[in-house]
Amino acid sequence: MTPTARIRSVVPPYLLRAVADAPDFPRAASAARTALASLDTVQQPKHDHRPRPQSVSGTVDRSPQRTISDAHGSTTLPGTAVRHEGDPVSGDAAVDEAYTGLGATHAFWLEVFDRVSIDGAGLPLDATVHYGQDYDNAYWDGSRMVFGDGDGEVFRRFTIAVDVIGHELTHGVTQYTADLTYEGQSGALNESISDVFGSLVAQYAAGQTADQATWLIGEGLFTPAVHGVALRSMRAPGTAYDDPVLGKDPQPATMAGYVQTTDDSGGVHTNSGIPNHAFYLAATAIGGKAWEGAGAVWWDALTSDAVTASIDFAGFAAVTVDAAAARFGADSTQHTAVQEAWRTVGVLD
């Protein structure tokens with residue numbers, strides 16, 4: 001299907017607004033206002049017309065094809081290419097973290113789901129670092145990853161969290177599969193799927209089982225000045241941060257707390273806590289390596305013809321229940337765990 005191209009950023013606008021209004025963090029406030037303005041910028045659709053890497057036999061090259069560019073503090077993309085596939089460590093932390101994170105994400109999709117890059121056909125993975133001045137975000141623009149350095153008061157550089165890199169590149173995977181509409185419940189599912197697979201990228205890279213994982217998204221992005229551990233928690237939505245200046249994490253864990261709003265495309269970063277928590281519950285109930293249990297079910301659902309672009313929570317939940325039965329058997333541990341997870345968060349009866 002034809003991919004859409006819109007900015008998918010990891011820091012939600014409600015958090016950026018809180019930072020922008022924070023008198024205690026003047027540098028961060030200025031940076032957050034700039035980041036907010038960039039989210040309102042109309043983006044031109046971006047389509048990748050580059051030929052896919054081919055092996056000598058003519059088949060798609062299954063190895064990663066990474067290029068990291070440096071914007072040198074400007075907002076002009078792509079910037080100057082500074083590290084290509086196979087190049088040695090550059091010594092620039094952001095460049096090397098982006099290179100490693102892209103590689104970890106490529107390895108996850110290839111080794112777990114036999115998907116060659118995010119489009120399944122060997123798409124080269126491009127990223128730009130040192131974007132803007134103190135830029136407080138990371139995003140997928142439809143063809144590349146873009147990383148800010150953070151403001152140093154509230155946010156650190158955005159390349160430090162592998163799950164953030166996995167999250168943003170999963171927006172690309174969704175773009176090339178279900179292409180979920182970025183609005184309302186389908187938009188919250190879009191964000192949740194990025195959190196799910198972003199977390200799984202980090203777990204796979206670390207060799208963690210479901211019970212060993214932190215289930216935090218963006219752990220380490222906050223500076224020590226912030227009372228918080230991450231942007232979001234899949235284990236306990238609404239608990240990732242509680243700061244006297246920035247406020248409290250607003251994510252609900254169940255439908256009882258569902259937020260009706262026109263902000264943030266209908267609350268896509270807020271209400272994603274509900275399907276996030278359902279995944280966490282299913283993954284931990286199944287146990288073991290989450291990408292082999294709940295992750296496989298969610299992947300089957302994402303690539304199912306039953307998932308339409310505008311699907312809601314209940315519709316997606318039903319597809320995952322059917323996918324669990326198809327993959328693992330009706331009334332299997334996995335099938336039961338997926339059903340109970342969605343019931344616990346109030347999506348299914």
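Strands β4 and β6 run parallel and are joined by 2 bridges. At one of the places where they pair, Ala127 stands opposite Met145 in β6. Helices and strands here are DSSP runs numbered from the N terminus, with at least four residues (H or I) for a helix and at least two (E) for a strand. Two strands pair if DSSP finds at least two bridges between them.

This is a predicted model, in which local features need pLDDT of at least 70 and side-chain atom pairs count only at pLDDT 80 or more, while totals for chains, interfaces and linings use all residues. Residues are numbered from 1 along each chain as its sequence is written, and side-chain values use heavy atoms, with hydrogens and water left out.

**The sheet**

Strand β4 belongs to an open sheet of 6 strands with mixed pairing, in the order β1-β5-β6-β4-β2-β3. The edges are taken by β1 (8–9) and β3 (80–84); each has a single partner strand, so one side of each has no neighbour in the sheet. The partner of β1 is β5 (residues 138–140), and the two pair in the antiparallel sense over 2 bridges. Within this pair, Ser9 has Tyr139 of β5 as its bridge partner.

Strand β4 is mostly covered, with 5 of its 5 residues buried. Buried means under 20% relative accessible area, exposed means over 50%, and partly exposed lies in between (1.4 Å probe, protein chains only). Leu125, Ala127 and Val129 point one way from β4, Asp126 and Thr128 point the other way, and all of them are buried.

**Helices across the sheet**

Helix α3 (residues 93–113) lies across β2 (66–70), β3, β4 (125–129) and β6 (145–147), and runs at about 155 degrees to β2. Helix α4 (residues 162–176) lies across β1, β4, β5 and β6, at about 20 degrees to β5. These angles, from 0 to 180 degrees, are taken between the N-to-C directions of axes fitted to C-alpha atoms, for helices over the stretch in contact. Contact means heavy atoms within 4.5 Å.

**Val11**

Val11 sits in the loop between β1 and α1 (13–20). Its relative accessible area is 0%, so Val11 is buried. Leaving out residues up to four places away in sequence, Val11 touches Leu16, Asp136, Asn137, Phe155, Phe158 and Leu231. The C-alpha atoms of Val11 and Glu168 are separated by 11 Å, although the two residues are 157 residues apart along the chain.

**Salt bridges**

A salt bridge is a side-chain nitrogen of Lys or Arg within 4 Å of a carboxyl oxygen of Asp or Glu. By this rule the model has 10 salt bridges.

| Pair | Closest N to O |
|---|---|
| Arg232 and Asp195 | 2.8 Å |
| Arg343 and Glu340 | 2.7 Å |

Arg232 forms its salt bridge with Asp195. Arg232 lies in strand β8 (residues 232–233) and Asp195 in helix α5 (residues 184–206), so the pair ties together parts that are 37 residues apart in sequence. Both Arg232 and Asp195 are buried.

Asp300 counts as partly exposed because its relative accessibility is 23%. Arg327, at 41% relative accessibility, counts as partly exposed.

Arg343 and Glu340 are 3 residues apart in helix α10 (residues 333–344), so about one helical turn separates them. Arg343 is partly exposed, with a relative accessible area of 37%, and Glu340 is partly exposed, with a relative accessible area of 37%.

**Asp249**

Asp249 lies in the loop between β10 (247–248) and α6 (264–271). Asp249 is buried yet has no salt bridge, and the nearest side chain of opposite charge, Lys248, is 6.4 Å away. For charge, Lys and Arg count as positive and Asp and Glu as negative, while His and the chain ends are not counted.

The side chain of Asp249 does reach backbone nitrogens. One belongs to Ala240, at 3.1 Å. Another belongs to Gln251, which lies 3.1 Å from a polar atom of the Asp249 side chain. A polar contact is a pair of N or O atoms within 3.5 Å; within protein, one must be able to donate a hydrogen and the other to accept it, and residues adjacent in sequence count only if both atoms are side-chain atoms. Not counting residues up to four places away in sequence, Asp249 touches Leu231, Pro237, Gly238, Thr239, Ala240 and Tyr241.
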